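Have the structure open and follow along.

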Amino acid sequence: MTTLTRRRALHLAVAGAVAGPAVLRITRAHAAEFTLKAANNAPVTHPLSIYMGRAADAIREETGGKVEIKLFPNNQLGGDTDMLSQLRSGALELFTLSPLILATLVPAASISGVGFAWSSYDKLWPAMDGDLGAHVRAQIDKAGLFAFERIWENGFRQTTSSTRPILTAEDFKGFKIRVPPSPMWTSMFKAFDAAPMTINFAEVYSALQTRIAEGQENPLALIEAAKLYEVQKHLSKTNHMWDGFWLLSNGRLWRGLPQDVKTVVAKHFNAQAVEQRAETLKRNISTEQDLRSRGLAFHDVDTKAFQAKLQSAGFYKEWKGKFGDDAWALLEKHTGSIA
Ligand code: X2X
């Protein structure tokens, strides 16, 4: 079954014949020849959903309604693991996913999430838009998926808790923290001596509410949009890693689209990704005031001590070994020496 629909000319002709010529023009203008579903895990108020919506609007406008992007934000089609399966089978056409979760299929993808690797966006964006991103996208391609050129922003991740605040690296000992489904996340929080549990974002709110997990980690804009402040008390600025979202398509399906459709779809998604980065960064800073007023207690921590813990636990040695010397050198070319 293909979910990509090219409506039949007959269908249009019949509709037109019944409705008359004036309506026919309107019908034609709104009859999509290509309908692509685009899904994500972010609440509708998060910039990821908002700017994907803007891309959909721009694509509809430029194609006169010929290409319709139907958005399914906020895990409407299932959790990340489910949506990735749907994308691979061809049941879903477009899907944004963390490089680290994608690493369950494309191990090389998680290199952008190495702990404490990035000191600034001036280093990060040129790397992701340049050779480091190209290296990852080539591996994604080999796995049968297509990654759009511009990665979308999630941000630097901070740790929240409903029990004790995380103030020092030692406070992580035994801490029941939810992590996304990804080997690197589990490895990182094991290195912190925490007790990581893998849960898709779709179930995070309820896992925190029922105290299955004590805490989680995410950028501020997402914590706010998903209302995690309702079920968490503390936020520690651990800043332990950066994360984004690759916009992905099924490789076979993407290649099967006409070139003019691919060009206009890619143009607008890539352009809105860049806009979305700026807005998300702004929110990851400005949201602090709002989260404080909603009752989250903020804590600054000595991030160097947290990184030292990863170092002494062998985290960097393990991941340098997994990615290989060449990929690691490509990463450090941008970040500088990591550990
Ligand atoms: O699952 C998460 O925590 C999220 C929303 O940040 C990701 O997509 C990795």
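Let's start at Arg 211, which is partly exposed with a relative accessible area of 44%. For that label, buried means under 20% relative accessible area, exposed means over 50%, and partly exposed is in between, using a 1.4 Å probe and protein chains only. Arg 211 isn't a glycine, yet its phi is positive, at about 65 degrees. You'll find Arg 211 in the loop between helix 9 (204-209) and strand 9. Helices (H or I, at least four residues) and strands (E, at least two) are DSSP runs, numbered from the N terminus.

Lys 227 is another residue to look at: its phi is near 60 degrees, a positive value in a residue other than glycine. Lys 227 sits in the loop between helix 10 (220-225) and strand 10 (234-237), and at 42% relative accessibility it counts as partly exposed.

## Where the numbers come from

Keep in mind that this is a predicted model: local features need pLDDT of at least 70, side-chain atom pairs count only at pLDDT 80 or more, and totals for chains, interfaces and linings use all residues. Residues are numbered from 1 along each chain as its sequence is written, and side-chain values use heavy atoms, with hydrogens and water left out.

## Around the ligand

Now for the ligand. Of the 13 residues around it, Asn 41, Asn 154, Arg 157, Arg 178 and Asn 218 come nearest; to be counted as near, a residue needs a heavy atom within 4 Å. A side-chain N or O atom of Asn 41 is 2.8 Å from an oxygen atom of the ligand. For Arg 178, the distance from a side-chain N or O atom to a ligand oxygen is 2.7 Å, and a polar side-chain atom of Asn 218 lies 2.6 Å from an oxygen atom of the ligand. On its own the ligand has 270 Å² of accessible area, and the protein covers 100% of that (Shrake-Rupley method, 1.4 Å probe; for residues, only the protein chains shown count as cover).

Which cavity does the ligand sit in? The largest one. A cavity here is a set of points, on a 1 Å grid over the protein atoms alone, where a 1.4 Å probe fits but cannot get out. A molecule sits in one if more than half of its atoms lie within 2 Å of its grid points.

## A closer look at Asn 218

Asn 218 belongs to strand 9 (residues 215-218) and is buried, with a relative accessible area of 2%. Its side chain makes a polar contact with the side chain of Arg 157 at 3.2 Å, and another polar contact, of 3.0 Å, joins the side chains of Asn 218 and Gln 216. A polar contact is a pair of N or O atoms within 3.5 Å; within protein, one must be able to donate a hydrogen and the other to accept it, and residues adjacent in sequence count only if both atoms are side-chain atoms.

Is strand 11 (residues 242-250) mostly covered or mostly open? Mostly covered: nine of its nine residues are buried. One side has Trp 242, Gly 244, Trp 246, Leu 248 and Asn 250, and the other has Asp 243, Phe 245, Leu 247 and Ser 249.

Strand 3 (residues 94-97) runs antiparallel to strand 11, joined by four bridges, with Leu 97 opposite Trp 246. Strand 5 (residues 152-156) also pairs with strand 11 in the antiparallel sense, over four bridges, and Trp 152 stands opposite Phe 245. Pairing requires DSSP to find at least two bridges between the strands.

Key: 1 Å grid on protein atoms, 1.4 Å probe; cavity = no way out; pocket = protein on both sides within 12 Å on 5 of 7 lines; lining within 4 Å.
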